[in-house]
Amino acid sequence: MAFAMWWRVRSAVGLLLVIMMLVACQNTQDSGVGTKTAIGGLGGAAAGGLLGAALGGGGTGIAAGALLGGLIGGAVGNVLDENDKRYANETAQKALEKAPSGTATSWKNPDSGHSGTVTPTHTYQSSNGSYCREYQQEITIDGKPQRSYGTACRQPDGSWKTISG
Amino acid sequence: MRRFCYALLLVSFGAAASSVCAQEGFENADQNHNNKINREEFLERETDVFFLIDSNKDGHLSIVEIKNVDVARFHAADVNGDGVLSMEEFLEARNLDFDAADTNKDGGLTRQEVEGFH
């Protein structure tokens, strides 16, 4: 009889300890750390999925008259005619404004036969908060591609201006 | 490919569309083409995402600009409580997403881990 009573008390104490441990675990999960872990990040659905699928592209988004020179220069610039430069500049503006890094945007002037691509390669914010993008530009003249690199920053009017390259 | 993604999304093919587009996002992020996205590649991509979805290009993301974000998650990420996310706040939140998505903790995201993260 005494053993049965002792066994019941032991079982009750054991059960109580298990319940206390579970409550303690629950409280830990409800603490700041647990909550922060549970809610940390923006979640997979935010911003077009974890990797922002299907971002970029679309219209040119370039306001008339917003183009700035400087994206084409050097010896290549001397060979290109005015239409080539216009194609190249418009394409550069479009690529820098809309294309994800690593995605090439191309142009071709059917009259001169010259063509090119502009590929943003890295995006960052400058110290004043404006966006800058490094890019690679390839211009093909008479079948010979010539590659150059530069960095352009977005101006308050929405145009892009080369700061190096 | 991108236009195809938009077309699919517009006509709401749902899972099929998001799968095709997620594939494009993965390939774009996987700069060394090893079929895994390491943290550096991930944050490089997320910097692009920040820039591309910042529709008014004011350097911050509002809750309207970030589509499908949970309100509580947005406010948790908004550390200084100014109602918008700076690039630093956005990348920090995405860093946590990387940790959560990297289920086998090998420091890289596979296609399965990216698509399986919700």
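In this predicted model, B:Lys57 counts as partly exposed because it has 13 C-beta neighbours inside 10 Å. The residue sits in the loop between H3 and H4 of chain B.

B:Asn35 lies in the loop between H2 and S1 of chain B. With 11 C-beta neighbours inside 10 Å, B:Asn35 counts as exposed.

A:Ile141 is part of strand S3 of chain A, which covers residues 131-141. It has 17 C-beta neighbours inside 10 Å, so A:Ile141 counts as partly exposed.

| Residue | C-beta neighbours inside 10 Å | Class |
|---|---|---|
| B:Asn35 | 11 neighbours | exposed |
| B:Lys57 | 13 neighbours | partly exposed |
| A:Ile141 | 17 neighbours | partly exposed |

Which residues does A:Ile141 touch, leaving aside its neighbours within four places in sequence? They are A:Val79, A:His114 and A:Gln146. The C-alpha atoms of A:Ile141 and A:Gly113 are separated by 7.6 Å, and these two residues are 28 residues apart along the chain.

**The two chains**

Chain B contains six helices and two strands. Along the sequence these elements follow the pattern α-α-β-α-α-α-β-α. Chain B has 118 residues, and 34% of them are buried. Among the contacts in chain B with a separation of 6 or more, 36% join residues 24 or more positions apart.

Chain A has four helices and five strands. From the N terminus on, the order is α-α-α-α-β-β-β-β-β. Of its 165 residues, 31% count as buried. In chain A, residues 24 or more positions apart account for 38% of the contacts with a separation of 6 or more.

**Two helices in chain B**

How do H3(B) and H5(B) lie relative to each other? Their axes come within 10 Å and cross at roughly 135 degrees. This angle makes H3(B) oblique to H5(B). The crossing of H3(B) past H5(B) is right-handed. On the side of H3(B), the contact is made by B:Arg39, B:Phe42, B:Leu43, B:Glu46, B:Thr47 and B:Phe50. H5(B) contributes B:Met87, B:Phe90, B:Leu91, B:Arg94 and B:Phe98. Sorted by class, the contact of H3(B) with H5(B) has seven nonpolar, one polar and three charged residues.

**Where the chains meet**

In the model, 43 residues of chain B are in contact with 29 residues of chain A. Several helices of chain B take part: H1, H2 (15-29), H3 (39-53), H4 (71-77) and H5 (87-101) each supply at least two residues of the side that touches chain A. By class, that side of chain B has 23 nonpolar, eight polar and 12 charged residues.

**Confidence**

The model scores ipTM 0.81 and pTM 0.74. Chain B averages a pLDDT of 84, and 81% of its residues score at least 70. Which elements of chain B have the lowest and the highest confidence? The lowest is helix H1 (residues 2-10), at a mean of 47, and the highest is strand S1 (residues 37-38), at 95. Over residues 6-17 of chain B the pLDDT is below 50, and this stretch has nine contacts in the model beyond near neighbours in sequence.

Chain A averages a pLDDT of 74, with 61% of the residues scoring at least 70. Two stretches of chain A can be named here. Over residues 17-38 the pLDDT is below 50, and beyond near neighbours in sequence this stretch of chain A has three contacts in the model. Over residues 57-69 of chain A the pLDDT is also below 50, and this stretch has 22 contacts beyond near neighbours in sequence. Where pLDDT is low, the predicted coordinates should not be read in detail.

Key:
Residues numbered from 1 in each chain as written. Chains lettered and ligands numbered in written order. Predicted model: local features only at pLDDT ≥ 70, side-chain atom pairs only at ≥ 80, totals over all residues. Buried ≥ 20, exposed ≤ 12 C-beta atoms within 10 Å, placed from the backbone. Contact = placed C-beta atoms within 7 Å. pLDDT = per-residue confidence, 0-100. Nonpolar A, V, L, I, M, F, W, Y, C, P; charged D, E, K, R; others polar. Axes fitted to C-alpha atoms, helices over the stretch in contact; angles between N-to-C directions. Parallel < 35°, antiparallel > 145°, perpendicular 65-115°, else oblique. Left-handed = near helix turned anticlockwise from the far one by under 90°.
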